[in-house]
Amino acid sequence: MRSRSCFLAVASLCLSAAVLSCSDGAVAPSSPTEPPTPTAPEPPRPARVTITPTTLALSSLGATAQLRAVVVDQHGQTLSGVAVRWSSSDTLVARVDGSGLVTAVAEGGTSIAAAVDSVTGQASVQVEQRVAAVRVSPEAATLGVGDTLRLSAEAVDAGGSPVSGREIRWTSADTLVATVDGSGLVTAAAEGATSIVAAVDSVTGPASVQVERRVAAVRVSPANATLNAGDTLRLSADALDANGSPIPGKQVRWTSADTLVATVDGSGLVAAVAEGGTSIMAEVDSVRGVATVQVERRIAAVRVAPEAATLSAGDTLRLSVEVVDAHGSPIPGKEIRWSSSDTAVAWVDSDGLAFGWREGRATVSAAAGLGDFAGSAEVTLEGEISQDRLALSRLYFRLGGRHWWRSDGWLTDAPLEDWSGVQMAQNRVRGLSLPGNGMVGRLGDELGLLTELWRLDLSANLIWGALPPELAKLQRLKVLYMSDAAISEIPPELGKMAALWLLDLENNDLMGGVPDAIWNLQSLTTLQLGDNSLSGPLSPRIADLPHLNHLDLSGNEISGPIPAEIGESSRLETLDLADNRLTGTLPSGLGDLRRLSDLDLSDNAELSGRLPVIWAARDRGPTVDVSGTEVCAPQALRDWRSKNELHLIPLCSGEDGAFAYLVQTTQSEKYPAPIIAGEDALLRVFLTADSGGANLPPIRARFYSGARLAHSVELPGSSVPIPTEVDEGNLSRSANARIPGKVLQPGLEMVIEIDPASTLDPALGIPKRIPEEGRAPVDIRQVPLLELTAIPFLYTENPDSTVLEYANDLNTETGVFSKAAALLPIVDIDVAIHDPVWTTSRFVADMLRETEAIRVLEGRAGYYMGLMTRVDGGVQGQASYFGSPTFVSHVDPVTIAHELGHSMSLMHTKCGDPPPARPDEKYPWADGSIGAWGYDFAAEEVIPPHASDVMGYCGLNWISTYHIGKALRHRVEVEVTWGADAAETAPSLLVWGGKNPDGQPFLMPSFRVDAPTVLPAVGGDHRVIGYGTDDEALFSLSFAMPETAHLDGASSFVFAVPTAPHSHGALERIVLTGPGGMATLDRGTDRPMSILLDPATGRVRGFLEAPPFQAMAADGARLLPRWSGLEILTSRGIPKLQQP
């Protein structure tokens, strides 16, 4: 390069000289010139860095490789001694040191750079672990047959680093000895040895497994024995492996836990020594089996006293018995077995009480111990007793009468009408009614003696076995109740009971087909065989019961179709075939049952068909439950279905190529929801055609109120092809129009005209009109004004005043009430914001009770909502009573809608983790979804059927047509019973309390108040009683504890009990009783509490219970400044109703 530079320089000088010499055509004279200054050579600089090798592959972590960098200058000459900077673009994959040594760190790819000044060279490095070995742990194991062992395997590379993410394949060399599953779990199968191999890629690792039969248990036979002192018994012992198979040849070592009671030799021979109990143990390879041996004193004699007796028929005799040994000493605690040689003459019970039936002789024996040791008494009977007294007395003995709950008069000389449960007429037993009486045993022939019996009720007793055939002798029996027992068989003779008109054998142990004897009971009007295990088809002989009114076969396993002959049961009023295995379609004869008022076919998954269209012509058809079936109501029953009050009935899908509906929240052709009057709705019209080509045509919708055209709307056609199937999820595939709420009023009818200009090809099969003729009624319901009192709660410690801001924002458009207004049947709302109420509790159960107390004390109509910002106790800030106007919620729109839904009688769906408490078992969609398409007016978009219902705990909250209809029924049928604002108050006693989650009742301190009277609407299993000084009951209220939607079963109640001004006794105590126990308030109760009142308005302003408010309440101290001007009511438990 240097010589080339020099040459160029010389050439340049020569060229310049040549130009100069030709400038004027003359030759210039030579003149001396200075030679040019030579150019200094350019110093070398790095121009390129090359790394060798340019690519590098490493197969194990920690592996190293040397890279080299060659630096070349601008003249192409290699530069030596140049400092090179090495770096890695990803040091988590590979790192490089200052000499270019690369070390693999983790799988992946990276670039290694060598830099000199600003010149850089690159090399790529790929780290990919290669399995070099597979290590199995443990490497060797010894198992017993049936044992399992989890092996682990680790693939490593050449450097010993684990190789992750590779599939491990497990195999056993001998699966007869041991097997291994895909997770490495080894199961020992039989004696032997095998190798368990773990393979990763093509590399394997073994573990050796030795299987031997180990003693897993020792079985001693017999396991229990009772001996007399001096007796011997040979025991045997088997050593068993884990599969329960005997292992022969094992040595057994025998021992006794107490050799003073019994000894055992090396062969297992047990010798009874003295009275007592001990364990005999057989040990094999440190594994023990045990037999229990009980040694009794040897019985020498059994003495019965008296040894002889003479009785009159109907008398009883208590016999005594003594068991003695050879020395004549009594042996206490021996079980005595009593028996009679002739039970037709005398009967003896398990306690030695003998009863004389009729004239004759019988030997009554008492046996004890293991042998035939028995004593006896000779009993002579004289005279006779009445047939009925004989039958009842024998029934007493047969069914354990000594342990009955009600047995007054039985086995006495009292007249039979004085015996508990016995009804007499004309000196004969006409009725026997002892349900739930603790009877235990099997019925015998004694009932056949009660030949004048009309009514027999032995239900809810532990009576088992077959009904006695002697019942057929009761030709006057009309009513037989034997439900909730353990009856297992109906004898053929039962079919001869010609007078029987009611047979109730519900909830027993009946199996097989319905006995033919049933169909012979020509007088039968009521047959209840539900909740048994009856199977097979339902007999067509049901038509043989001409007077049958009520048939209940629910809760069985009856299969096959419902017989067509059921239509011949013309007097049938109720038919319950729920929860069976019925199949096929409904018989047309159902429509012939003109008296049918209740039909339950629910939970027969393979039952299908259509309900009778003829019901549409009747003023009111039966209430029907077909949930859990494929049964539907034809479109002709749409109006009838909307009146059905039992359960949601699906409408049969349309088949005419077009249908339409109005939707406000959710709507379904199968499960239509009523429309709420006064609220806008979206009209959706769906057309379908088997073949494409035509677009959606124009549609005209007209709405009529009587003869008047109330509204008409034109729906233009579109360029969207007519779909081949209904697509509710796409607004463009239906014709849609918003219908104003003012148009939607009860009595409205609708007509849809499709393609008014007749542009569609008739071959498409699209109807011209919905309905085909006449007008389609629109199910529109008017809902009342919703009145709501919102009560913001403030905690006495660190009150959160933001709850007041939320309370003042309770409007239906944007506030915390917006979700409830959008989903629930609410049109107009009147919200009254209560003055804030102070509380010392953060527990939602307490605030629910306090909210109810405010409702009771103030008496305003409508719903009461307690508002809070946070709570304690694990409940997420909400609670309500089902179907009651009172609920509490934290300030969240979805929660408020959920809790108000409970107050509108809506229960939970099963959606949630964990599932919500008390779900509605009849909710149609098991996953808690809304099950149909909805529409959100605010977002102008459809809501999919898989959206969660607001009454569950999952995701997107909307509402189903099932809950729309149920809430609507509550609003128009239940709210009206709540009445208007209570105008009058009276001196009253605030009685309140509840029950804990475990059912234990409690009472809150009672207060003297002026309030409207509020008493229980219906009775129930709880009762609250107020007692005066002379223990006189001043009031006694039976009630059902309200059911709460949450709180794990906890609940509460609040009553305002009027206090009579003429009462002379002061209240001394209040007692609350219920299934969970009892609670009491008395003069000794010391639970101070205060209620704050606004003296100007009478409104409640606080409930103060915790310290220091207890002391304030007890001492009458002045209120804190924040409560100045408020009136304080105090109570320690029992207030004074009357001044002394």
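User: In which sense do strand E36 and E37 pair, and over how many bridges?

Analyst: Happy to start there! Two strands pair if DSSP finds at least two bridges between them. Strands here are DSSP runs of E with at least two residues, numbered from the N terminus. In this case E36 (residues 360-368) and E37 pair in the antiparallel sense over nine bridges, with Ala 366 standing opposite Gly 375 in E37. Before we go on, note that this is a predicted model, where local features need pLDDT of at least 70, side-chain atom pairs count only at pLDDT 80 or more, and totals for chains, interfaces and linings use all residues. Residues are numbered from 1 along each chain as its sequence is written, and side-chain values use heavy atoms, leaving out hydrogens and water.

User: Which sense do E30 and E37 show?

Analyst: Strand E30 (residues 308-312) pairs with E37 (residues 373-382) in the parallel sense, over five bridges. Look for Ser 312 opposite Glu 382 in E37.

User: Is strand E63 largely enclosed or open, and why?

Analyst: The general idea is relative accessible area: buried means under 20%, exposed over 50%, and partly exposed in between, with a 1.4 Å probe and protein chains only. Strand E63 (residues 748-754) is largely enclosed by the rest of the structure, because five of its seven residues are buried.

User: What are the pairing partners of E63?

Analyst: Strand E60 (residues 699-705) is joined to E63 by seven bridges and runs antiparallel to it; Ser 705 has Leu 748 as its bridge partner. E63 also pairs in the antiparallel sense with strand E65 (residues 776-777) over two bridges, where Met 750 meets Ala 776.

User: Which residues make the nonpolar surface patch?

Analyst: Patches are made of residues with over 30% relative accessible area and no salt bridge, and nonpolar side chains (Val, Leu, Ile, Met, Phe, Trp, Tyr) are joined within 5 Å. A salt bridge is a side-chain nitrogen of Lys or Arg within 4 Å of a carboxyl oxygen of Asp or Glu. Areas come from the Shrake-Rupley method with a 1.4 Å probe, and for residues only the protein chains shown count as cover. Here Val 440, Leu 462 and Trp 464 make a patch of about 270 Å². Val 440 sits in strand E40 (residues 440-442) and counts as partly exposed at 40% relative accessibility.

Definitions and conventions:
Helices (H or I, at least four residues) and strands (E, at least two) are DSSP runs, numbered from the N terminus. Patches are made of residues with over 30% relative accessible area and no salt bridge: like charges are joined within 9 Å, nonpolar side chains (Val, Leu, Ile, Met, Phe, Trp, Tyr) within 5 Å.
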